[in-house]
Amino acid sequence: MRAVTQAEGEAPTWRLVLLRHAKAEPGKGVIPDDRRPLALNGRKQASRVGMALTAAGVRPQVALVSSALRTRQTWDLASSHLEGSADTALDVRDELYEASVRDVLGLLREVEASARTVLVVGHEPTMAATAAYLAGDGSDAAAVAQVRVGVPTATYAVLESAEPWAEWGRDGARLVHVGRPS
């Protein structure tokens, strides 16, 4: 993914990163689903996501994170490798655990317009469905095809728009990248 920069004189850009949590331990009916921790591989995935976002110049001002253990652990590990994360406003939300696209957009619309980059750490199928719902003209065709079928663990989608959060809706952003660090 290209580094994120804004040239002088360009219209302001709002950037949304939708991240599916990293690989979790199987529940096996013993552990309640919302308390499943990350697997060892998931811990590695989460760290690599943070490094990939830093390499791309993505620095979220706000992180909306599902209250499930695996999403909180994904944020904790990714943010430890994410440049500037100490300044990120963390908002852990119960609503993101079983969220719909409408729920995600509702939470996004509550974010102040001064926050230009927001990271949402959530679950499938909602993260991919939200990216597909928002992807409009100018979106990367391969990225759109990927989110339409769903995304594997530790995959993130980056969307951009010249509109503030309160204006985001169907086909209102450009899906510019879908990434899953190796």
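Colleague: At what angle do the axes of helix 1 and helix 2 cross?
Modeller: In this predicted model, helix 1 (residues 40–55) and helix 2 (residues 69–79) cross at roughly 50 degrees, and their axes come within 7 Å. Helix 1 is therefore oblique to helix 2.

Colleague: Is that crossing left-handed or right-handed?
Modeller: The crossing of helix 1 and helix 2 is right-handed.

Colleague: Which residues make the contact?
Modeller: Helix 1 contributes Arg43, Ala46, Ser47 and Gly50, while helix 2 contributes Gln73, Thr74, Leu77 and Ala78.

Colleague: How do the residues of that contact divide into nonpolar, polar and charged?
Modeller: The contact of helix 1 with helix 2 has 3 nonpolar, 4 polar and 1 charged.

Colleague: Turning to helix 3 and helix 4, at what angle do they pack?
Modeller: Helix 3 (residues 101–109) packs against helix 4 (residues 126–134) at about 75 degrees, and the axes are 9 Å apart. An angle of 65 to 115 degrees counts as roughly perpendicular, so helix 3 is roughly perpendicular to helix 4.

Colleague: Which residues are involved there?
Modeller: On helix 3 they are Val101, Val104 and Leu105; on helix 4 they are Thr126, Met127, Ala129, Thr130, Tyr133 and Leu134. These residues divide into 7 nonpolar and 2 polar, with no charged.

Colleague: What pLDDT does the protein average?
Modeller: The average is 93, and 94% of the residues score at least 70.

Colleague: Where is the pLDDT below 50?
Modeller: That applies over residues 2–8, a stretch with 12 contacts in the model beyond near neighbours in sequence. Where pLDDT is low, the predicted coordinates should not be read in detail.

Methods. Residues numbered from 1 in each chain as written. Predicted model: local features only at pLDDT ≥ 70, side-chain atom pairs only at ≥ 80, totals over all residues. Heavy atoms only, no water. Axes fitted to C-alpha atoms, helices over the stretch in contact; angles between N-to-C directions. Helix = DSSP H or I, 4+ residues; strand = E, 2+ residues; numbered from the N terminus. Parallel < 35°, antiparallel > 145°, perpendicular 65-115°, else oblique. Left-handed = near helix turned anticlockwise from the far one by under 90°. Contact = heavy atoms within 4.5 Å. Nonpolar A, V, L, I, M, F, W, Y, C, P; charged D, E, K, R; others polar. pLDDT = per-residue confidence, 0-100.
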